[in-house]
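Here is a short briefing on one protein model. Look at the sequence and the structure first, then read the points below.

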Amino acid sequence: MDVLIFGTGRAGQEAYKTLTSSGRYNIVGFSDNNSEKWGDKFFSLDIIAPADIGKHISFDIVLIASEWFPDIRQQLLIENICKDEEIFEFTINTSVDISKINSVYNQDNLKTVANHDFMHDALFQAAYARGLKALHHRNSSKHIEYFVDWRAHTLIWAAKQALATKGDFVECGVNYGFFSSVLMEYLDWDIHDRKFYLCDTFSGLDENLLLDEERTSGAAESSDKAKLKGAYVSNVESVKENFSQWRNVAFIIGSVPDSLSQIKAGRVAFLHIDMNCAKPEVEALRYFWNLLSPGAIVLLDDYGFPGHEMQKREMDKLSTEYGFNILSLPTGQGLIVIN
Ligand SMILES: C[S@@+](CC[C@H](N)C(=O)[O-])C[C@H]1O[C@@H](n2cnc3c(N)ncnc32)[C@H](O)[C@@H]1O
């Protein structure tokens, strides 16, 4: 989250230190009503005039670190510099209430002020960091930007629910293994006596399975581009290396649904479907339907996401045919609980 701090006195200094030490915020600059400070630097960042906020620096929130909070807030609102929900207060004595500052969640197509304290949970953070480690194979730079916290939170919730029922876990569409790594880290996977089946071609989508509309909308070209850019994996060995810390993992290499016959699972408790392609997604759910335990969870990663309408349409057809309900989540995911 990008934060602009208003105030360059002691409170501004404390705000900077508190936010940077939390590791979750990106301080983009400072502002101050003292015109003598404009153009100067504070912690190596620009101090800009209030009128320039938003013009030269983009931000998610403005954190006012000043005893003049009510007046500055009024000033920012009257001068249309930012909206009320983007303004937060920092006070030295009470220290910063991080959960309050973080009360705007704004990433991955989702902007909300609903509580998302889960982001501060140490176990969640460690699991998310492990997911990011999986992505290091696609980008060896230390800093990887991938902000899908709420989707990861939903996934973790769904997997925890699924642990209450019998069966193995399956992911169709693994790529570098971000989401599966998050789960295995969070659940300390090897303490559970279950297999995690990771199903993927590990070389992009299967063009033979594209619907005509997907073909004409350039899905094959996008998959090839993703492989060229390294966004889609083309080397399963690096993915195997990522998962080598866990014993109870099996790689199912090949095109879904044909590859699924390699799976030795009796029952399935959790199925995550994320192939960005309608037909194999629907066929995967057909394949597993009779293997899913009562109470099992199916999570569709792209169900309501813009640009994935064909996946939604085909899954909706299957829901009518089989008689199940899909909960459309604001994260874009679709959730199915098996009766
Ligand atoms: C969006 S990525 C999956 C992201 C992944 N769940 C994660 O945690 O980062 C989509 C993946 O689906 C795979 N895929 C697409 N069509 C497939 C098919 N018919 N069979 C197997 N894998 C497929 C692609 O190779 C790609 O790795």
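Predicted model: local features only at pLDDT ≥ 70, side-chain atom pairs only at ≥ 80, totals over all residues.

Residues are numbered from 1 along each chain as its sequence is written.

**Helix H11**

- Helices (H or I, at least four residues) and strands (E, at least two) are DSSP runs, numbered from the N terminus.
- H11 covers residues 309–322, which is 14 residues. At 1.5 Å a residue it should span 20 Å, and its end C-alpha atoms are 20 Å apart, which agrees. The expected span is 1.5 Å times one less than the number of residues.
- Met-310, Gln-311 and Met-315 are buried in H11. They cover an arc of only 125 degrees around the axis, which puts them on the same side of H11. The arc is that of the directions from the helix axis to the C-beta atoms.
- Buried means 20 or more other C-beta atoms within 10 Å of the residue's own; exposed means 12 or fewer; partly exposed lies in between; C-beta atoms are placed from the backbone.
- Lys-317 and Thr-320 are exposed, on the face turned away from the buried side of H11.
- Just after H11, Gly-323 has a positive phi of about 80 degrees.

**Nonpolar cores**

- A nonpolar core is a set of buried Ala, Val, Leu, Ile, Met, Phe, Trp, Tyr and Cys residues joined through C-beta atoms within 7 Å.
- The largest core has 62 residues, and Val-182 and Phe-270 are among those with the most contacts inside it. Helix H6 (residues 178–187) gives the largest share of this core, seven residues.
- Apart from this core lies another, of 24 residues, including Ile-48 and Phe-88.

**Leu-4**

- Leu-4 sits in strand E1 (residues 2–6). With 23 C-beta neighbours inside 10 Å, Leu-4 counts as buried.
- Leu-4 and Ile-57 are 53 residues apart along the chain, and 8.3 Å separates their C-alpha atoms.
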